[in-house]
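Biologist: I have a structure open and would like to go through it with you. Can we start with how the helices are described?

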Amino acid sequence: MIHVFLDDVRLCPVGFVAAHNAEECILLLQECEVGVLSLDFDLGWGQPTGLQVASFLASSQRFPREIYLHTSSWSGKQAMHQLLYRSKPESVKLVNGPMPHDTLQTIANTAKNRL
């Protein structure tokens, strides 16, 4: 199982696999079991956004266990949250904000212990 961090600018946290665009993120979601997914909305001028990833999740029903929306785009965050909330299974945790520090620390510690 992997954890995926979608962002074109921010540094990827320890224990996560970086996806720098929507296509990379969707490929990881198609090919891997994803535990935690953290989504940005704006991924570069003229590029597909995090909403395309949310749309893929909704249409394919390939949801990770937890989804966080770390984007600074208020309208993008609302659009992704509404789409994901309507389509996700009840067992999927959806947070309309970034990961808390303790979640990041737990994932980083787990990754370090595997080394």
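Modeller: First a definition: axes are lines fitted to C-alpha atoms, for helices over the stretch in contact, and angles run from 0 to 180 degrees between N-to-C directions. Keep in mind that this is a predicted model.

Biologist: Okay. How do the axes of α2 and α3 cross?

Modeller: Helix α2 covers residues 50-60 and helix α3 covers residues 74-87. Their axes come within 9 Å and cross at roughly 5°. Angles under 35 degrees count as roughly parallel, and α2 and α3 are therefore roughly parallel to each other.

Biologist: Which residues make the contact?

Modeller: From α2, Gly50, Leu51, Ala54, Ser55, Leu57 and Ala58. From α3, Ala79, Met80, Leu83, Leu84 and Ser87.

Biologist: And by class, what does the contact of α2 with α3 have?

Modeller: Eight nonpolar residues, three polar and no charged ones.

Biologist: Staying with α2, which residues are buried there?

Modeller: Gly50, Val53, Ala54, Phe56, Leu57 and Ala58 are buried in α2. Among these, Gly50, Ala54, Leu57 and Ala58 also belong to the contact with α3.

Biologist: What covers the buried residues of α2?

Modeller: The cover includes α3, but also β1, α1 (22-31), β3 (34-39) and β4 (66-69).

Biologist: What comes just after α2?

Modeller: Glutamine 61, which takes a positive phi of about 60°.

Biologist: New topic. How many aromatic pairs does a search of the whole structure find?

Modeller: One. The ring centres of phenylalanine 5 and phenylalanine 16 are 6.4 Å apart and the ring planes are at 75°, so the pair is edge-to-face.

Biologist: Where do the two sit in the chain?

Modeller: Phenylalanine 5 is in strand β1 (residues 2-6), and phenylalanine 16 is in the loop between β1 and β2 (17-19). They are eleven residues apart.

Biologist: Is phenylalanine 5 buried or exposed?

Modeller: Buried, and phenylalanine 16 is buried too.

Biologist: Now the whole chain. How many helices and strands?

Modeller: Four helices and five strands. From the N terminus on, the order is β-β-α-β-α-β-α-β-α.

Biologist: Why call the protein chain as compact as a globular protein of that length?

Modeller: Because its radius of gyration is 13 Å, close to the 13 Å that the globule rule gives for 115 residues. The C-alpha trace spans about 35 × 30 × 25 Å along its principal axes.

Biologist: How many of the 115 residues count as buried?

Modeller: 45% of them.

Terms used: Residues numbered from 1 in each chain as written. Predicted model: local features only at pLDDT ≥ 70, side-chain atom pairs only at ≥ 80, totals over all residues. Heavy atoms only, no water. Parallel < 35°, antiparallel > 145°, perpendicular 65-115°, else oblique. Contact = heavy atoms within 4.5 Å. Nonpolar A, V, L, I, M, F, W, Y, C, P; charged D, E, K, R; others polar. Phe/Tyr/Trp six-rings, centres within 6.5 Å; stacked < 30°, edge-to-face > 60°. Buried < 20%, exposed > 50% of the residue type's maximum accessible area, 1.4 Å probe, protein only. Rg over C-alpha atoms; globule rule 2.2 N^0.38 Å.
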